[in-house]
Amino acid sequence: MNLKVATRIVPVLFLALAACGGDSGGESGGKLKAAVSEAFLQNAGEEDMPFAVDEEMAGCVADAVLSDATYKDKLQSALDEGLAGQELLDSAGDPTSDEAMMAPIFSCFSNEQFVELLSGEAVDPSTVTEEKKQCLVDEFDKMGKDVVVEGFIALSKEKSSGEGATKLTAAMISCFGVESFG
């Protein structure tokens, strides 16, 4: 199950991480955030995302990534060179290996979006009913955002130990059933 979850989450993280830089607050920083957010929205629209990515989420992710000076500088240089869209996102390199960026990025996801990611990983996604999804959303709400984010980071790195990963796994089995994940 961990590998399947990681396979689904890592592309989403890459999109999210690649789409963001840091807003310095000035006009230039505002333009950078807008360009990065727009590129993220375009890219997310072209990908097979299990949930809609709206401007609010794109802005949150952009803020998270742009808070890192290295990503911000790379993206600003690319924007200054006239790059846009996927080329702009690609200019940041491969930020998915940056563990420090994962928590702020995952914090942009709602519990409903996390559940949609997991629903697609079931052996037979058609068996994941709305009631089962709501059960998992409720469990995630009880856990709190920090535990859910920590768990998703652990699972995306194929680590099944730790409080977050253990609680996420238990909640998934409780709500979806052990058979859902083979």
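**Legends to close-up views of a predicted model**

**View 1. The elements of the protein in order.** From the N terminus on, the elements of the protein run α-α-α-α-α-α-α-α-α-α. The model shown here is predicted. The protein has ten helices and zero strands. It contains 182 residues, of which 47% count as buried. Among contacts between residues at least 6 apart in sequence, 73% join residues that are at least 24 apart.

**View 2. The packing of helix 6 against helix 9.** Two packed helices are described by the angle between their axes and the distance between the axes. Helix 6 covers residues 99-106 and helix 9 covers residues 145-156. The angle at which they pack is about 130°, and their axes lie 9 Å apart. Helix 6 and helix 9 are therefore oblique to each other. The crossing in which helix 6 passes helix 9 is right-handed.

**View 3. The residues in the contact between helix 6 and helix 9.** Helix 6 contributes M102, A103 and F106 to the contact. From helix 9 come V149, F152, I153 and S156. Of the residues in this contact, six are nonpolar, one is polar and none is charged.

**View 4. Q76 in helix 4.** Helix 4 spans residues 69-80, and Q76 is found in this helix. Is Q76 buried or exposed? The relative accessible area of Q76 is 15%, and buried means under 20%, so Q76 is buried. The side chain of Q76 is joined to the side chain of D80 by a polar contact of 2.8 Å.

Methods
Residues numbered from 1 in each chain as written. Predicted model: local features only at pLDDT ≥ 70, side-chain atom pairs only at ≥ 80, totals over all residues. Heavy atoms only, no water. Axes fitted to C-alpha atoms, helices over the stretch in contact; angles between N-to-C directions. Helix = DSSP H or I, 4+ residues; strand = E, 2+ residues; numbered from the N terminus. Parallel < 35°, antiparallel > 145°, perpendicular 65-115°, else oblique. Left-handed = near helix turned anticlockwise from the far one by under 90°. Contact = heavy atoms within 4.5 Å. Nonpolar A, V, L, I, M, F, W, Y, C, P; charged D, E, K, R; others polar. Buried < 20%, exposed > 50% of the residue type's maximum accessible area, 1.4 Å probe, protein only. Polar contact = N/O pair within 3.5 Å; in protein donor to acceptor, adjacent residues only side chain to side chain.
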